[in-house]
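Hi,

Here is the model I promised to pass on. My notes on the ligand site and a few strands follow below it.

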Amino acid sequence: MLKIQNYIDGELVEPVSGNYLDNTDPSTGQVYSQVPGSGAEDVERAVAAAEEAFPLWSDAPAAERSDVMLRIADLIETRLEEFARAECVDNGKPLALARSLDIPRAAKNLRFFATAVLHAHSQVHTADGPVLNYTLRGPRGIAGIISPWNLPLYVLSWKVAPAIATGNTVVAKPSEVTPMTAYMLSQVCREAGLPAGVLNIVHGRGAEAGAAITAHPKITTVSFTGGTVTGREVAKSAAPMFKKVGLEMGGKNPTIVFADAEMDRAIEQGVRAAFANQGQVCLCGSRIYVEQGAYDAYVERFVAAARALNVGDPLEPGTDQGALVSKAQFEKVGRYVALAREEGGEILCGGSPPGPINDRCKDGFFYQPTVITGLSAECRVNQEEIFGPVTTIMPFETEDEVLAYANGTAYGLAASVFTQNLSRAHRLAERIDAGTVWINCWMVRDLRVPFGGMKQSGVGREGGEEALRFYTEPKNVCLQKA
Ligand code: TXE
């Protein structure tokens with residue numbers, strides 16, 4: 001059985017302890033590879049390698065760093081099919097999605113930041129009087145990067161690319177649930193000639209390898225994407241050392257549909273927002289609020305569209321919905337659907353695993369797209385992140401009422417508003433507490449825009465300039481001219 005290896009100091013190595021964890025294919029429920037169960041001693045080695053690599057890498061001309069990153073992007077694209085298949089098997093997502101979204105996006109992340117640093121500029125503050133101020137921006141040192149399982153290579157590369165492009169070195173820990181494409185990335189980095197120690201990938205459990213990263217005094221920058229409960233642990237561990245921390249956490253994102261919306265689009269995008277990647281995207285719209293006059297028709301059409309989604313073998317071309325990532329996630333979804341029933345919800349479709357898919361997938365973690373009505377805005381199902389193919393639909397009457405619903409959770413990551421009324425769209429966009437508001441669309445991403453959440457959805461922003469700033473430290477120089 002394939003044994004994934006850590007990537008430390010340019011080499012593929014076993015964990016010091018020799019411990020391995022099982023890695024399961026969620027579509028079959030079977031263990032198909034092993035992942036290092038690394039600990040503090042592996043992180044220590046990775047930090048030593050990152051520290052040694054830092055002076056040369058941070059001093060290298062931006063064009064040199066850029067070239068090697070572009071080679072990595074090229075190699076990922078050359079092996080697109082291999083990467084996409086690996087992501088599909090490891091995560092359970094449809095192969096078509098990995099092929100069209102996850103893997104191309106990883107290459108794009110690398111290219112975006114590899115070329116952004118070629119255009120970097122710093123600031124000069126000319127002032128009246130005898131002084132000149134200019135601001136230098138240099139890499140911060142060793143960055144610790146902790147990434148989740150829902151978009152494994154996509155999110156890992158989203159963080160690694162700006163970190164190394166700006167001259168930092170990195171110790172990264174991908175999710176132990178989906179380690180495969182990170183392992184393949186380490187192979188590609190070796191082939192592309194990334195200098196040893198610039199990127200180190202330590203695989204293992206969050207509480208062990210992850211916690212060792214957040215606690216390491218030489219790792220002064222920490223970027224984390226994952227659940228809010230884990231984010232709190234990361235913040236707690238990093239705070240006493242005054243680390244710079246970026247947290248991208250959960251969401252309970254509202255989709256708001258007014259009666260004047262272009263309904264075909266509001267249905268199509270609402271369904272995509274609810275169920276993309278089996279509902280396992282932090283941006284998923286899992287609470288849909290529809291204006292009273294349009295409510296009945298919307299619910300009917302939405303349920304028909306949800307029923308039409310093909311839950312199937314992720315390797316098959318016609319599959320819209322693959323497996324949930326793990327048994328734990330599958331059980332979590334089941335618990336929330338049971339809770340929805342207790343809270344008085346009516347399950348209009350789904351609410352259980354599908355019937356048999358095929359022999360290969362008979363023990364996989366599949367769950368049907370589920371639509372629930374009849375719940376209050378305050379109930380737990382409408383307050384807590386489920387992170388699965390489950391959405392609720394509720395009616396509303398006024399703009400103020402729906403605004404209160406939209407803002408009435410602990411989260412503030414994203415929101416979608418569907419309306420043809422331009423003034424209302426702008427008004428709401430301004431008043432919704434979320435890091436991103438989409439109007440008449442969902443998850444249209446532009447790598448230049450700030451990305452992140454308010455309230456318990458996150459701290460800080462990623463993307464474009466924000467990421468370049470996050471991984472660099474400004475230093476102002478003041479010069480007396482006369
Ligand atoms: O994620 P974790 P889990 C949400 C979603 C999901 C819930 C739990 O609601 O159901 O979180 O998922 C590492 N110190 N999201 O428990 O644990 C871990 O190994 C340092 C939303 O699987 O947050 C992994 O690499 N690191 C989300 C990463 O943190 C630790 C995506 C994320 O895993 C650690 C995923 C520790 N003490 C889940 N404990 C999003 N925002 O997109 C764990 N980790």
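How far is an oxygen atom of the ligand from an N or O atom in the side chain of Lys173? The distance is 2.8 Å, counting as a polar contact any pair of N or O atoms within 3.5 Å. Gln329 has a polar side-chain atom 2.9 Å from a ligand oxygen, and for Asn150 the side-chain N or O atom is 3.3 Å from one. On its own the ligand exposes 810 Å², and the protein buries 84% of that (Shrake-Rupley areas, 1.4 Å probe).

Before you go on, a caveat: this is a predicted model, where local features need pLDDT of at least 70, side-chain atom pairs need 80 or more, and totals for chains, interfaces and linings use all residues. Numbering starts from 1 along each chain as its sequence is written, and side-chain values use heavy atoms, with hydrogens and water left out.

Around the ligand there are 26 residues (a heavy atom within 4 Å). The closest are Trp149, Glu176, Gly227, Lys332 and Glu385. The shell splits into 11 nonpolar, 10 polar and five charged residues, with Gly put among the polar ones. Two or more residues each come from α7 (206–215), β11 (219–225), α8 (228–238) and α11 (327–342); α7 gives the most, four. Helices here are DSSP runs (H or I) of at least four residues, strands (E) of at least two, numbered from the N terminus.

Now the strands, which pair if DSSP finds at least two bridges between them. β6 (residues 123–126) runs antiparallel to β7 (residues 131–139), joined by four bridges, and Gln123 stands opposite Thr135 in β7. The two form a hairpin with four residues between them, and Gly129 in the turn has a positive phi of about 100°. β7 also runs antiparallel to β23 (residues 472–480), with nine bridges; there Asn133 has Cys478 as its bridge partner.

Cheers

Technical notes. Polar contact = N/O pair within 3.5 Å; in protein donor to acceptor, adjacent residues only side chain to side chain.
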